[in-house]
Amino acid sequence: MKILIVYSSQTGNTKKLAEAAYEALQGPKEIYDIKEAPLPDEYDIVIIGFWFKKGKPDPASLEYLLKIKNKKVFLIATHGAAPDSEHAKRGMEEAKKLVQGCEILGTFNCQGEVSPKIMEKAASKPTPPEWFKDAPLAKGHPDQKDISNLVQKIKQAIL
Ligand SMILES: Cc1cc2nc3c(=O)[nH]c(=O)nc-3n(C[C@H](O)[C@H](O)[C@H](O)COP(=O)(O)O)c2cc1C
């Protein structure tokens, strides 16, 4: 069973989780930044990590998710919004819809620290985005606890 791990990450949050997933798994496995990722066709299981932009997976991930067909998939999302918020759930549902014919082995939503520049930009809007109120709590995430929660979930789903 060949595992492909692909992540999209601007500031490192999603990369951190993808690397933890990679370390946690045994057997044939490969990990790629989405910019260099091969097509998923030759793999049995695809783990994809993305960050939220406008309440959805980031643009590179939206494109890649459409290429994952008829696979077993585990989805990892990082975002400023709280993991149990409607915003986080909706974004994950969007991702699930894009992977056609796939079996979803599991999902993991995690807060990811938002860069100061983006916090400033969001704060300056007449109506800040809905995730903005949760974003201060994203500071320091993903942390060790997030990583061990992911590792536990991924091992249960895949081993
Ligand atoms: C341009 C931009 C747009 C963002 N939009 C959202 C959003 O719609 N919802 C949200 O919860 N977080 C949003 N965020 C926060 C990021 O998704 C979050 O910090 C994420 O963990 C970044 O992941 P990375 O470090 O792997 O790049 C946004 C961040 C950026 C830079």
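Analyst: K54 is located in the loop between β3 (45–53) and β4 (56–57), where strands (E, at least two residues) and helices (H or I, at least four) are DSSP runs numbered from the N terminus. The model is predicted, so local features need pLDDT of at least 70 and side-chain atom pairs count only at pLDDT 80 or more, while totals for chains, interfaces and linings use all residues. Residues are numbered from 1 along each chain as its sequence is written, and side-chain values use heavy atoms, with hydrogens and water left out.

K54 has a positive phi of about 55 degrees although it is not a glycine. With a relative accessible area of 78%, K54 is exposed (exposed means over 50%, buried under 20%, and partly exposed in between, with a 1.4 Å probe and protein chains only). The areas are Shrake-Rupley values, for which only the protein chains shown count as cover.

K54 also belongs to a surface patch of positive charge, together with K53, K56, K117, K121 and K125. Such a patch is built from residues with over 30% relative accessible area and no salt bridge, like charges being joined within 9 Å and nonpolar side chains (Val, Leu, Ile, Met, Phe, Trp, Tyr) within 5 Å. Lys and Arg count as positive and Asp and Glu as negative, without His or the chain ends; a charge is placed at NZ of Lys, CZ of Arg, CG of Asp or CD of Glu.

N70 sits in the loop between α2 (59–65) and β5 and is exposed, its relative accessible area being 61%. Another backbone feature is the cis peptide bond from H141 to P142, with omega near -5 degrees; P142 is in the loop between α4 and α5 (144–158).

Strand β5 contains T78, which is buried at 3% relative accessibility. Beyond its neighbours within four places in sequence, T78 is in contact (heavy atoms within 4.5 Å) with residues including N13, F50, W51, F52 and C110. In the loop between β5 (72–79) and α3 (86–98) lies A82, buried at 17% relative accessibility. Apart from neighbours within four places, A82 is in contact with A88, Q111 and D134. The C-alpha atoms of A82 and A138 are 7.7 Å apart, although 56 residues separate them along the chain.

In the whole structure there are 7 salt bridges, each a side-chain nitrogen of Lys or Arg within 4 Å of a carboxyl oxygen of Asp or Glu. In one of them, K96 pairs with E93 at 3.3 Å between the closest N and O atoms; both residues lie in helix α3, 3 residues or about one turn apart. K96 is partly exposed at 32%, and E93 is partly exposed at 42%. E94 and K97 form another, with 3.6 Å between the closest N and O atoms, and they too are 3 residues apart in helix α3, about one helical turn. Here E94 is partly exposed, at 28%, whereas K97 is exposed, at 61%.

Methods. Accessible areas come from the Shrake-Rupley method with a 1.4 Å probe; for residues, only the protein chains shown count as cover.
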